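Please keep the view open and go through the points in order.

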Amino acid sequence: GRGAEVRLQLLPRHEGGPQTSTPPFEIVVSSGSYTAGGSLTVTLKGKSGEEFEGFTLFATRADGAGDTVEVLGKFTTVPAGVKIMDWYADDTVQNPQNCLTQSDEQDFTQLPVTWQAPSVGKGDIVFRASVLTDFEVFWVDVQSPVLSGPADTVDYNAEIQSGSMPAITLDGVCGKTKGCMRYPEVCTTDCEFAVTFSHDAANDQ
């Protein structure tokens with residue numbers, strides 16, 4: 001499913017594979033729920049003071065709550081040694097500042113940051129992280145407890161009505177003669193879904 005794509009992107013490009021043991025790290029959030037536009041303190045930390053030198057941290061919808069690829073909210077306050085990145089957000093959001101990673105070789109035992117929720121509800125969410133203790137030792141998809149929040153405005157369980165529709169052509173037209181929405185992002189003939197749209201100059205639509 002879509003959540004698998006996020007988990008794959010959490011995998012650091014380092015030697016070896018991720019650890020399979022229980023992570024010695026956790027994500028602690030200042031509240032068990034969020035409000036649209038509200039702020040929370042999110043802390044990535046070693047459970048017993050363990051140090052870590054590399055990480056990624058971001059929020060998505062919880063599994064089963066819809067699109068778990070879109071990265072949600074933004075980080076507004078971070079400590080030294082941390083870089084805010086733009087990653088996999090709604091295309092309407094400019095400079096989303098929705099993902100964190102390390103900016104130098106500083107070691108951390110805990111990392112408190114401030115996260116601001118989206119301006120509209122996104123349903124239940126979780127924070128996700130990959131954490132590295134050294135180049136070859138890392139854990140992926142460390143998750144916070146699920147945070148409850150305002151309902152998402154998109155019904156991801158709505159039924160698609162069957163019917164006859166013209167074939168959709170994607171290769172070479174997306175971003176040129178048509179706008180395209182598709183999943184996975186770079187598919188052409190093997191998409192799970194695809195929608196195209198274009199400007200009707202005659203009716204200015």
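Predicted model: local features only at pLDDT ≥ 70, side-chain atom pairs only at ≥ 80, totals over all residues.

1. Strand β11, residues 193–197, gives the nonpolar patch its largest share, 3 residues. The patch is made by Met 181, Phe 193, Val 195 and Phe 197. Its area is about 380 Å². Phe 197 is found in strand β11.

2. Now turn to the charges. The structure holds 4 salt bridges. Four residues are linked in a network of such bridges: Arg 61, Glu 70, Lys 122 and Asp 152. The next points take this network pair by pair.

3. Begin with Arg 61 and Glu 70. Their side chains meet in a salt bridge, at 3.0 Å from N to O. Are the two partners buried or exposed? Arg 61 has a relative accessibility of 1%, so Arg 61 counts as buried. Glu 70 is also buried, because its relative accessible area is 12%, under the 20% cut-off.

4. Arg 61 has another partner to check. Asp 152 forms a salt bridge with Arg 61, and the closest N and O atoms are 2.6 Å apart. Which parts of the chain does this pair tie together? Asp 152 lies in the loop between β9 (137–143) and β10 (179–183), while Arg 61 is in strand β3 (residues 54–61), so the bridge ties together parts 91 residues apart in sequence. Asp 152 has a relative accessible area of 18% and is therefore buried; the cut-off is under 20%.

5. Glu 70 also has a second pairing to look at. The side chains of Glu 70 and Lys 122 meet in a salt bridge, with 3.6 Å between N and O. This pair links distant parts of the chain, 52 residues apart. Glu 70 sits in the loop between β3 and β4 (74–77). Lys 122 sits in the loop between β7 (110–116) and β8 (125–134). Both residues are buried.

6. Last, look at Ser 144. Its place is in the loop between β9 and β10. Asp 152 lies in the loop between β9 and β10 too. Ser 144 has 6% relative accessibility, so Ser 144 counts as buried. What does Ser 144 contact, leaving aside its neighbours within four places in sequence? The residues in contact with Ser 144 are Ile 27, Val 29, Val 126 and Phe 127.

Key
Residues numbered from 1 in each chain as written. Heavy atoms only, no water. Patch = residues over 30% accessible without salt bridge, like charges linked within 9 Å, V, L, I, M, F, W, Y side chains within 5 Å. Areas by Shrake-Rupley, 256 points an atom, 1.4 Å probe, with all protein chains shown as cover. Helix = DSSP H or I, 4+ residues; strand = E, 2+ residues; numbered from the N terminus. Buried < 20%, exposed > 50% of the residue type's maximum accessible area, 1.4 Å probe, protein only. Contact = heavy atoms within 4.5 Å.
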